[in-house]
Amino acid sequence: MFRPQTKKVIEKEIGTSHVVDLTREGLLVSACVECNLHLTGKSTKIGFLNCSNCQIKIDCDIITGIGEIINCNDLTIILCSDLPTLQIDGSNNITFSLPEGYDKLHNIVTCNTKAVTFKIPQPGEEKTKEEDYQILKLEIPESAPKEQGEVEDQYITRFTTTTSRNSNKPPVVNLLTELGIREGVGYITTTREKDIADKRDARYEEAIDQYFKNTLKISNPNEHDKKN
């Protein structure tokens, strides 16, 4: 997950509650139980490993925009910072409270994970009742059994919005989950996005090819031999 020389480790704590002020290092929270952590300052990357029944408030700048939750259970995460890419592996019952809005999260990559929930505030100043929040549950498709050595399926989830015809009503936030695929350099995308990119590249190559055909006079190499 992290290079040892670039991380701060909080490990095997039980029932602790404290503020963690980060100074541009990576943070790994490992094997903690029933802890309450408030992350502030700046971090290069954050990760949670083998934790359970913890509440974490992420209020720090994450320089790389990457976070990982691996083999964790029953976590509540209050996310107040931008976290463009979040990887969740082998985890269950993870709840995100997004008081600043759903746009703090962009790509949620999951593998062998169940019961992920997002709590998003509805427009308005008062947030005193449960109805003031929209609850979204991440529906992850069942993966087919894998043979030994095969890579487990990964899914990418993003937030989408649907605008009501009634202009007085706020947009409805939904979750879009798609099967992920890895490109040659390890970048994860979806089949739909790859098809769009492949068609765009094909159109670009065709346009370049047509450009050279129209602007360059390509003579038949056999014509020169015939003249001689």
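**A chat about strands, salt bridges and a helix**

Trainee: Hi! Where is Ser 97 found?

Mentor: Ser 97 sits in strand β11. Keep in mind that we are looking at a predicted model.

Trainee: Thanks. Does Ser 97 count as buried or exposed, and why?

Mentor: Ser 97 counts as buried, because its relative accessibility is 18% and the cut-off for buried is under 20%.

Trainee: And which residues is Ser 97 in contact with, leaving aside its neighbours within four places in sequence?

Mentor: Those are Ile 77, Ile 78, Leu 79 and Lys 119. Take Leu 79 from that list: Leu 79 and Ser 97 are 18 residues apart in sequence, while their C-alpha atoms are 6.2 Å apart in space.

Trainee: New topic, charges. How many salt bridges does the structure hold?

Mentor: Two. One of them joins Glu 68 and Lys 45, with 3.6 Å between the closest N and O atoms. That pair links distant parts of the chain, 23 residues apart: Glu 68 is in strand β8 (residues 66–70), and Lys 45 is in the loop between β4 (36–43) and β5 (46–49).

Trainee: Are Glu 68 and Lys 45 buried or exposed?

Mentor: Both Glu 68 and Lys 45 are buried.

Trainee: Which residue does Asp 82 form a salt bridge with?

Mentor: Its partner is Lys 104, and here too the closest N and O atoms are 3.6 Å apart. Asp 82 lies in the loop between β9 (73–79) and β10 (83–89), and Lys 104 in the loop between β11 (92–97) and β12, so this pair ties together parts that are 22 residues apart in sequence.

Trainee: What about the exposure of Asp 82 and Lys 104?

Mentor: Asp 82 is partly exposed, at 43% relative accessible area. Lys 104 has 18%, so that residue is buried.

Trainee: Why can such side chains pair at all?

Mentor: As a general point, side chains of opposite charge can pair when their charged atoms come close.

Trainee: OK, on to the strands. What order do they take in the open sheet?

Mentor: Nine strands form that sheet, and the order is β1-β3-β5-β8-β10-β12-β15-β16-β17, with mixed pairing. At the edges are β1 (7–11) and β17 (188–190), each of which pairs on one side only. On average, neighbouring strands of the sheet are turned by 25° against each other, ignoring direction.

Trainee: Mixed, you say. Do β1 and β3 pair in the parallel or antiparallel sense?

Mentor: Parallel: five bridges connect β1 with β3 (residues 26–30). Within that pairing, Lys 7 has Gly 26 in β3 as its bridge partner.

Trainee: And how many bridges join β12 to β15?

Mentor: Three, and these strands, β12 (residues 105–111) and β15 (residues 155–162), run antiparallel. Ile 108 is partnered there with Thr 157 in β15. β15 also pairs with β16 (residues 172–182), again antiparallel, over eight bridges. In β16, Leu 175 stands opposite Phe 159.

Trainee: Where does helix α1 lie?

Mentor: Helix α1 lies across β15, β16 and β17, and runs at about 85° to β17. The helix covers residues 191–215, and Tyr 211 is in it.

Trainee: Last one: which residues make the nonpolar surface patch?

Mentor: Tyr 211 again, together with Tyr 204, Ile 208 and Phe 212. Their patch comes to about 450 Å².

Note on methods:
Residues are numbered from 1 along each chain as its sequence is written. This is a predicted model: local features need pLDDT of at least 70, side-chain atom pairs count only at pLDDT 80 or more; totals for chains, interfaces and linings use all residues. Side-chain values use heavy atoms; hydrogens and water are left out. Patches are made of residues with over 30% relative accessible area and no salt bridge: like charges are joined within 9 Å, nonpolar side chains (Val, Leu, Ile, Met, Phe, Trp, Tyr) within 5 Å. Accessible areas come from the Shrake-Rupley method with a 1.4 Å probe; for residues, only the protein chains shown count as cover. A salt bridge is a side-chain nitrogen of Lys or Arg within 4 Å of a carboxyl oxygen of Asp or Glu. Helices (H or I, at least four residues) and strands (E, at least two) are DSSP runs, numbered from the N terminus. Two strands pair if DSSP finds at least two bridges between them. Buried means under 20% relative accessible area, exposed over 50%, partly exposed in between (1.4 Å probe, protein chains only). Axes are lines fitted to C-alpha atoms, for helices over the stretch in contact, and angles run from 0 to 180 degrees between N-to-C directions. Contact means heavy atoms within 4.5 Å.
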